[in-house]
Amino acid sequence: MNSRISRRRFVAGAAAASILAGCDSRPVTSFLRAMKDWNAGFEAAIFSSSRLAPELPESATTPEDDFPEYYISDEAPDVPPNWFLTVGGLVERPGRFTLAELQAMTRTSMRVRHHCVEGWSAVASWQGIRVSDLAKVVGIKPDVRYVEFRSFDSGYWSCWDLASAMHPQTLLAWGMNGHPLTSGHGAPLRVYSAVKLGYKMCKYLAEVNFLSDNSGGYWENQGYDWFAGV
Ligand SMILES: Nc1nc2c(c(=O)[nH]1)N[C@H]1C(S)=C(S)[C@@H](COP(=O)(O)O)O[C@H]1N2
Ligand SMILES: [Mo]
């Protein structure tokens with residue numbers, strides 16, 4: 001049995017976040033918002049791309065049936081026919097990549113702990129390519145500051161600061177525990193990172209865009225911390 005967390009908890013969280021978002025005009029909220037922006041800048045400043053999150057032994061792996069599946073769609077979405085990843089924005093060589101083309105790039109694997117903002121955590125190994133290796137393939141321009149990940153799942157997206165995206169433990173993953181991603185965990189390709197909370201790791205990936213401006217995110221725009229470092 002899969003321990004998928006019910007949508008109801010998510011909807012409750014979203015409602016609470018939108019109540020907060022609805023109070024924009026109150027001075028106390030704008031103060032809190034300013035503090036949050038300040039805090040995001042502070043978190044980004046102390047973030048070090050050379051600090052690696054601990055990689056865990058195989059014995060730490062969570063049994064897959066106990067690894068929650070979390071998605072905003074009613075059902076785990078099917079992979080669109082002829083799926084490819086579109087990579088664009090401020091890059092020298094924008095392009096479309098099939099899964100086979102991505103798998104021909106420099107592969108890596110890591111076993112790290114997943115942290116969901118809702119309080120659960122779980123461990124798996126993830127196989128894929130580093131976002132930094134993809135960045136080398138497409139050639140990012142000097143004014144890139146952010147990396148946006150977009151899903152084909154209900155318009156889900158998340159925008160990251162460049163340093164976190166270029167961290168060596170930030171991957172585009174097609175594999176989990178040595179097998180292809182299941183649809184519950186984001187098939188065919190997802191973001192996986194040891195340095196961010198779960199909601200920053202877009203599953204059902206459709207696009208990666210290298211940007212000069214911050215485009216927010218699905219949960220981030222509803223009040224969740226944008227930096228969301230672990
Ligand atoms: N496209 C998409 N990506 C998503 C989500 C989603 O609903 N849609 N949920 C996020 C959240 S909140 C978490 S905790 C992780 C869950 O990954 P898992 O289902 O493999 O545990 O995916 C993240 N990525
Ligand atoms: Mo999450």
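Which residues of H4 are buried? In this predicted model, they are Val131, Ser132, Asp133, Leu134, Ala135 and Val138. Gly139 follows H4. The phi of Gly139 is positive, near 70°.

Leu134 is in contact with Leu102. Leaving aside sequence neighbours within four places, Leu102 also touches Trp83, Leu85, Phe97, Ile129, Trp174 and Leu189. In soluble globular proteins, nonpolar side chains tend to be buried together. Here the largest nonpolar core has 51 residues. Leu102 is among the residues with the most contacts inside this core, along with Phe149, Leu172 and Val208. Strand E7, residues 170-176, gives the core its largest share, 5 residues. A second core stands separate and has 5 residues, including Cys159, Val195, Trp226 and Phe227.

Next comes the ligand. Around ligand 1 there are 22 residues. Pro68, Asp153, His185, Arg190 and Lys203 come nearest. An N or O atom in the side chain of Asp153 is 2.6 Å from a nitrogen atom of ligand 1. For Lys203, a side-chain N or O atom is 2.4 Å from an oxygen atom of the ligand. Tyr70 uses its backbone instead: an N or O atom there lies 2.8 Å from a ligand oxygen. How much of ligand 1 does the protein bury? Taken alone, the ligand exposes 530 Å², and the protein buries 100% of that.

Key: Residues are numbered from 1 along each chain as its sequence is written. Chains are lettered from A and ligands numbered from 1 in the order in which they are written. This is a predicted model: local features need pLDDT of at least 70, side-chain atom pairs count only at pLDDT 80 or more; totals for chains, interfaces and linings use all residues. Side-chain values use heavy atoms; hydrogens and water are left out. Buried means under 20% relative accessible area, exposed over 50%, partly exposed in between (1.4 Å probe, protein chains only). Helices (H or I, at least four residues) and strands (E, at least two) are DSSP runs, numbered from the N terminus. A nonpolar core is a set of buried Ala, Val, Leu, Ile, Met, Phe, Trp, Tyr and Cys residues joined through side-chain atoms within 4.5 Å. Contact means heavy atoms within 4.5 Å. A residue is near a molecule or strand if one of its heavy atoms lies within 4 Å of it. A polar contact is a pair of N or O atoms within 3.5 Å; within protein, one must be able to donate a hydrogen and the other to accept it, and residues adjacent in sequence count only if both atoms are side-chain atoms. Accessible areas come from the Shrake-Rupley method with a 1.4 Å probe; for residues, only the protein chains shown count as cover.
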